[in-house]
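Reader: Hi! Could you walk me through this structure?
Author: Happy to, here it is.

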Amino acid sequence: MNERQHAVGEERRRSAAAAGGAPGGAAFRLDKRTHLDGVGYRGSFIQYGDGLAEVSFGFSSTAIKSKGIRGLSENKEENKDRAVRRARKLLRHKVLASGADHLLTLTYRDNVTDFARASDDLTVFVRRVRRQREGFPYVAVAERQKRGAWHWHLAVCGWQDIRFLRSTWRRIVGEGNIDVKAPRGSGSDSPRIGIFRYLSKYLGKSFGEDGKFNARRFRSSRIEVPEKHQMLPVKSAGAARDFCQEWLKQASPKVWNFTFCEAWSTGWGRTW
C-alpha cells in the first residue's frame, strides 16, 4: 500500500468512526429520515357540513420513493388513469367544500377549438364578474363538444344574475350563451353531490388526449378544503378501519358507506 492509499484509508476510517458506523461502512446520517420514521396508519378526515363527510386511511411511511420523469413512463395509460383519479378527488373536495348549488354553463356560437383561448376567456369572465360580485367562488370543468368546440361547466353558489352573466360573457366572446340550472339527482342527494357527479363525467373525457395530464381541464377559485390529517392511535389495519368507521357514524349516523381493502391496508368511507 503506498502513502496516498494509506492516507485515504485512514480518512475513511475516521469519517466512519465520527458517524458512529463501522470502518469502511456507509456513514449513518442522523439528520436524514429513515424508513422506520412515521410508520403507522394515517387518516384523512373531512367534514363539509350538512351531514357531508368523508374519511380515508392507509399505511404511511416516510420512506423516500423514486419518481419517474414526467412524460417518459412506459405505462402512459396507467399514469393517465392515476392522474384522472387524482383530479376527480380534488374536484370532489373543491365542489363539496364550496357549497355549490347551481351549474353555470358558458358556450360559444363559433367553433372555438383553441383551449388556450377558451381558458383565457374564462379568466377574463371571472375577473369581470368579480368586479360586480364579491367573492364568486367557482369550480370549472372544460368539455369538448363533438364539433370540437370547447365550453365550460361551472359549479357556483346561490342566486345568479343571468342577464348580467350573459352580457358579460358576450362582451368577451361575441356570440355565445350561458345557462344556469339546479343539478338533477335523487331527492336524498345534496345539490353538491349532484353537481360533483355531473362535472366528474366530463373531467376524464378529454383528459390527456394531447399527451398532457396537466392541461388545466379543471380550474377553481381559492376554496379551502377542511381536511385534517393525523396518525391513527392503532396498530392494525382492522383497528384503523374500526376507528374511521366510528368517526363516520358520528358525522352522519343515518347514511354512511365504507370500503375496506385488507390486501392494501386501506379504507375509504363517505356519508352519501
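Author: One term before we start: a helix axis is a line fitted to C-alpha atoms over the stretch in contact, and angles between axes run from 0 to 180 degrees between N-to-C directions. Also keep in mind that this is a predicted model.

Reader: Thanks! At what angle do the axes of α3 and α4 cross?
Author: Roughly 135°, and the axes come within 10 Å. Here α3 covers residues 115-132 and α4 covers residues 162-173.

Reader: Why are they called oblique to each other?
Author: Angles over 145 count as roughly antiparallel and 65 to 115 as roughly perpendicular, with oblique for the rest, so α3 and α4 are oblique. The crossing of α3 past α4 is right-handed.

Reader: Nice. Which residues make the contact?
Author: From α3 there are R117, D121, V124, F125, R128, V129 and Q132. The α4 side brings F164, L165, T168, W169, R171, I172 and V173. By type, that contact has eight nonpolar, two polar and four charged residues.

Reader: Switching topic, what volume does the largest pocket have?
Author: About 1000 Å³. It is lined by 29 residues, and S56, F57, G58, K89 and T266 are the closest to its centre.

Reader: And which element gives the most to the lining?
Author: That's β2, with seven residues. Elements supplying at least two residues each include β1 (40-49), β2 (52-60) and α2 (76-98), along with β8, β9 and β10.

Reader: How does the lining divide by residue type?
Author: The pocket lining has nine nonpolar, eleven polar and nine charged residues.

Note on methods: Residues numbered from 1 in each chain as written. Predicted model: local features only at pLDDT ≥ 70, side-chain atom pairs only at ≥ 80, totals over all residues. Heavy atoms only, no water. Helix = DSSP H or I, 4+ residues; strand = E, 2+ residues; numbered from the N terminus. Parallel < 35°, antiparallel > 145°, perpendicular 65-115°, else oblique. Left-handed = near helix turned anticlockwise from the far one by under 90°. Contact = heavy atoms within 4.5 Å. Nonpolar A, V, L, I, M, F, W, Y, C, P; charged D, E, K, R; others polar. 1 Å grid on protein atoms, 1.4 Å probe; cavity = no way out; pocket = protein on both sides within 12 Å on 5 of 7 lines; lining within 4 Å. Points joined across faces, edges and corners; volume = space filled by probe spheres on them.
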